[in-house]
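Subject: Structure for you to look at

Dear colleague,

Here is the structure I promised to pass on, together with my notes on it. Please open it beside this message as you read.

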Amino acid sequence: MAYVVSSEDVERTITAFTRLDQRGDKKAMNKLAQRLQKEQPFLLQHAAAVRTEHGDAVGEAAVFYATLIWAMFDRGQEGTLPRLTGQNLSEADKVVTEQLASVEGLADKPVHERVAPRLVETQPHIYAKLAELLAEDVKEAAMTVETATTIIKPTEVVIEAFDAAMSGRRPGEQQGTIVANDKVGRNEPCPCGSGKKYKKCHGEAA
């Protein structure tokens with residue numbers, strides 16, 4: 001089942017982030033960072049890997065954009081988003097790599113247009129905003145073309161990973177306490193979404 005983040009949720013997220021930035025609200029920013037660390041540790045690892053390879057400035061941009069994408073998906077949710085796993089992100093990376101490879105003349109396009117049409121179709125409002133923000137950051141020299149080139153693919157991987165988790169193509173881990181109930185057989189998939197049998201996952205402790 002497709003899950004498309006609305007343009008309203010995208011705009012509300014941008015407004016909230018802009019307000020935080022303008023106020024210089026360190027407390028609120030730290031609270032957001034702590035929540036992200038708790039709920040999406042693999043997402044942060046994915047973005048932070050860019051820092052290891054390309055330095056602090058590029059790494060910070062990658063983490064910021066990954067956080068923004070998470071917040072866009074999170075905005076319209078009543079509960080907590082599925083937790084992305086290393087496997088979610090690895091599979092998403094393969095999908096994005098394949099899709100980008102199928103785009104002719106990708107490297108000749110402006111950096112904010114280096115996206116695959118089939119991926120854009122899954123989350124059109126997020127991709128439209130991503131292109132707008134990257135183009136603006138480069139134009140206003142808030143980010144170099146090299147930095148934008150480095151972070152656009154990891155950001156697309158985050159979009160694909162959340163899209164797959166929300167639509168059920170590649171579920172992430174359900175967050176919150178897993179309560180054992182009589183309806184879950186020991187050989188059935190664990191309700192946490194790990195893909196393991198219940199007896200090999202949360203059923204071990206039960």
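A word on the basis first. This is a predicted model, in which local features need pLDDT of at least 70 and side-chain atom pairs count only at pLDDT 80 or more, while totals for chains, interfaces and linings use all residues. Residues are numbered from 1 along each chain as its sequence is written, and side-chain values use heavy atoms, with hydrogens and water left out.

The chain holds eight helices and zero strands, where helices (H or I, at least four residues) and strands (E, at least two) are DSSP runs numbered from the N terminus. Read along the sequence, this gives the pattern α-α-α-α-α-α-α-α. Of the 206 residues, 41% count as buried, buried meaning under 20% relative accessible area and exposed over 50%, with partly exposed in between (1.4 Å probe, protein chains only). Among contacts (heavy atoms within 4.5 Å) between residues at least 6 apart in sequence, 65% join residues at least 24 apart.

Helix 3 covers residues 41-54, and its 14 residues reach 20 Å from the first C-alpha to the last, close to the 20 Å expected at 1.5 Å a residue; the expected span is 1.5 Å times one less than the number of residues. Leu 43, Leu 44, His 46, Ala 47 and Val 50 of helix 3 are buried, and the buried residues of this helix pack against helix 2 (26-39), helix 4 (56-75), helix 5 (86-101) and helix 8 (145-167). Just after helix 3, Gly 55 takes a positive phi of about 95°.

Helix 4 also takes part in two helix pairs that I looked at separately. Its axis and that of helix 8 come within 9 Å and cross at roughly 25°, where axes are lines fitted to C-alpha atoms, for helices over the stretch in contact, and angles run from 0 to 180 degrees between N-to-C directions. Helix 4 and helix 8 are therefore roughly parallel to each other (angles under 35 degrees count as roughly parallel, over 145 as roughly antiparallel, 65 to 115 as roughly perpendicular and the rest as oblique). The residues of this contact divide into 13 nonpolar, three polar and one charged, with Ala, Val, Leu, Ile, Met, Phe, Trp, Tyr, Cys and Pro counted as nonpolar, Asp, Glu, Lys and Arg as charged, and the others, Gly among them, as polar.

The axes of helix 4 and helix 7 (residues 124-139) come within 12 Å and cross at roughly 150°, which makes helix 4 roughly antiparallel to helix 7. The contact is made by Tyr 65, Leu 68, Ile 69, Met 72 and Phe 73 of helix 4 and, on helix 7, by Ile 126, Lys 129, Leu 130, Leu 133, Leu 134 and Asp 137.

Two single residues remain. Thr 13 lies in helix 1 (residues 7-23) and counts as buried because its relative accessibility is 0%; leaving aside residues up to four places away in sequence, Thr 13 touches Leu 68, Ala 71, Met 72 and Arg 75. Ala 141, in the loop between helix 7 and helix 8, has a positive phi of about 60° although it is not a glycine. Most residues other than glycine have a negative phi. At 65% relative accessibility, Ala 141 counts as exposed.
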